[in-house]
Amino acid sequence: MKTNVAAIALSGFLSKAVQAVPSPSSLGSDLQILLHNDLYGNESSRNEAVIVLGTPQTKSAAASDCAALGESLWTPPSDLSANNFLTYLAYQNGSNATSQPGHWGPWKEKRGYPPQFGPPSHGPPGGSWGPPGHGGPPGGWGSPGAQQQQYFIASMGPGGACQAITPAGQVGTVNCNAVLPALCTQSAQLSGINNTDTSVGLQTEVTSGAATFVGYRDLLSFRFLGMRYGTYPKRFTYSSVYNATGTVSALQFGNICRQIDAITNVNDGDEDCLMANVYTPSLPNPQDKNPKLKPVMLWIHGGGYNNGYGSDPTFDGGNLASRGDVVVVTINYRLNDFGYLVLNNTGEPTNGNYGLSDQVTALAWVQANIKAFGGDPSLVTIFGQSAGAGSVRALLSSPPASGLFSAAILQSSLSLTSYTHYLSTDQEIIMQTNTILNKTGCASGNGADELACLRAYNASGLLTIGTTASQVVVDGTYITSNESSFNGTGHVNKVPLLIGNMRDDGAPFFTYRGSTNLTAVVAGAGIPVAPVLTSGAFPVPNSGNASLDVYNVTAEAVTDDWFRCEDYATAYSAVTTNTLPEVYYYEFNRSYQIPYWPPAPDKALCNAPITPSHPAGDPNGEYFKCHSGELMIVFSTWRRWGLPSRDQYDTPFDQFIVDSWSSWARSHDPTPDPAYLAARGYVNTTLEMQLSGSKWAPVTAAAQTERWLQWPSAQIEFGHADQCSALGQPLNYFLSGM
């Protein structure tokens, strides 16, 4: 709490006037960016946003703090009642919802109590109610136990009297020397791929340990980019946490890891690449002994362990952080040979899995630092897609990752080697390392010499020799079992799991060539032919386009064989053996394909069909819901890519998915809390829940159901159990060998 002594206030104001970059420490207050983020971006009609100074202070101190941020005390619009995003202030402060101390929002077991944001019943202390039209409370402010918090705002009435507003939108006159939290204007604009303002006026500092990180804010969140989380590792060594010192610029993304870029096809990147990006809606006051921290969601990108990076615009964390009220972290980790090459008899630990060690290092960095960015280190959800999901799965089985996260999401995890099943180091050396040694001219029979040769080999050249190591292996430290089965054997980090797939995940992994030869197409896709042709579980559709029908049934079989079946079996195994405390399953039946993958001709098949009434594509028409088709929905970033809204449900569906994923991070239940939705004014997700008529249901040994994700969603039985049995991957696949 700040004192109101004129000399101190003046001194504080003068010191802030010369301070280039404000921080929660220099302001003596936590900071929160608050708005109703409906995900419509620049098309939104909800244009109000504030920066909340949460630490009580006098009016003059609050005005000074706002000025230090390049802002001023906020003037509420006259129509605030029609879009009152302030109601969330009461909810998160616990006055209208039961909260776990030290956290924003509800916990799963305390669901279902709708917020009651009724007017208080007493007059405001120190003054009278302000201008007509703002709805002064009949009867006054209420007893201390029920009283809604007041926040200083700009003076709007005659005579410049000090005024405050409640979360209900009620404005009143207050004593200027009262100590209250305050609302500042928020003038930062939406950032974009090619338009980002990192000027000094929008910068903010955060101190963690011996380092001060200088980030910036846009409309949605505080952004701290390109922060080194791991030491610059010597090639083919394991990373460790980097403890920064001094002032660190976090205004732009750091190096991506060495790779052939899947977007540009350029041999790009750097071996000095262990960078993290943090997107947060709030920053705590370091003097607060019990800060209200937010759930953390750490994203691990995909790319086949060969390419990808956390700074991909698809994974921009601003919308997820802002709407979901979570702290989003995206990371880079070492890839291809630099991340996974195994060598033996080198005299050093060179057993591969360096990229996996980077992910563990990133989680350890989060544990040490995320509290300074408003995140709760005890409430970390790891989530990833494709190879990112394979990484999450590996971390669920990794002893060094124990205790570093509290929940997980697997998006489109494959059943292939390196994703669910792991080679031994000897197998990896036979399959890949020996070829790499021969092609580089480093093969000598002496492990130490071979290691030295590969360390000296040109980094760019190493990626162009035609063979790449990209397998997670049983190294004995990070991975100790040859299978991630969740059947009660081997090491498991026992946390709740949300797992699922795209309806047509497998479609882009073989090329549509117009063939009507089902046998040849199935064989060319690399899956067993007999079950598809003879089991009766894969009937060929009859659309009138014979070649597309063949592609369709093959895509279904590839999706089952490579994705769905072992994910079904994972969920069933985990709940049958009580290996994981809870498992939920989903399947996307609506998608918005990322613009840079897959290549033609399959790209067109993964996009909604263009019709006269839907020139950007009709998502309700039939098309393939392909691998990676959920990414721009989970992060709500298709507008960031400049893509159009295809129909009236694209954005409401984004809202529903963002609300569900962030609900999982908050409470380990993907069904959003109705009280939370009401407090935030998220009417579309509330509507979706009403239209669907059901909550998400967990998978149990007795009932295997999944959430069918479309608008509206539905809870349905696992739909491909027969196909999975035909492919030799039944529900008890991971249990049958026990």
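Which cysteine does a disulfide join to C66? The legends below begin with that pair. The model is predicted: local features need pLDDT of at least 70, side-chain atom pairs count only at pLDDT 80 or more, and totals for chains, interfaces and linings use all residues. Residues are numbered from 1 along each chain as its sequence is written, and side-chain values use heavy atoms, with hydrogens and water left out.

**View 1. The disulfide of C66 and C184.** C66 is joined to C184 by a disulfide, with an S to S distance of 2.0 Å; the term denotes a pair of cysteine sulfur atoms within 2.5 Å. The link is left-handed, with -80° about the S-S bond. Distant parts of the chain are linked here, 118 residues apart: C66 belongs to helix α3 (residues 59-68) and C184 to strand β6 (residues 180-185). Helices (H or I, at least four residues) and strands (E, at least two) are DSSP runs, numbered from the N terminus. C66 is buried at 0% relative accessibility, and C184 is buried with a relative accessible area of 0%. Buried means under 20% relative accessible area, exposed over 50%, and partly exposed in between (1.4 Å probe, protein chains only).

**View 2. The disulfide of C162 and C176.** The sulfur atoms of C162 and C176 lie 1.9 Å apart in this disulfide. The torsion about the S-S bond is about 105°, so the link is right-handed. C162 is in the loop between β3 (151-153) and β4 (163-165), and C176 is in the loop between β5 (171-173) and β6; the pair therefore ties together parts that are 14 residues apart in sequence. C162 is buried, at 4% relative accessible area, whereas C176 is partly exposed, at 34%.

**View 3. The disulfide of C606 and C626.** A disulfide with an S to S distance of 2.1 Å joins C606 to C626. With -80° about the S-S bond, this link is left-handed. C606 and C626 both lie in the loop between α15 (602-605) and α16 (631-634), so the pair ties together parts that are 20 residues apart in sequence. C606 is buried at 1% relative accessibility, and C626 is buried at 0%.

**View 4. The surroundings of S713.** S713 is placed in the loop between β23 (705-709) and β24 (714-717). S713 is buried, with a relative accessible area of 3%. Its side chain makes a polar contact with the side chain of R707 at 3.2 Å. A polar contact is a pair of N or O atoms within 3.5 Å; within protein, one must be able to donate a hydrogen and the other to accept it, and residues adjacent in sequence count only if both atoms are side-chain atoms.
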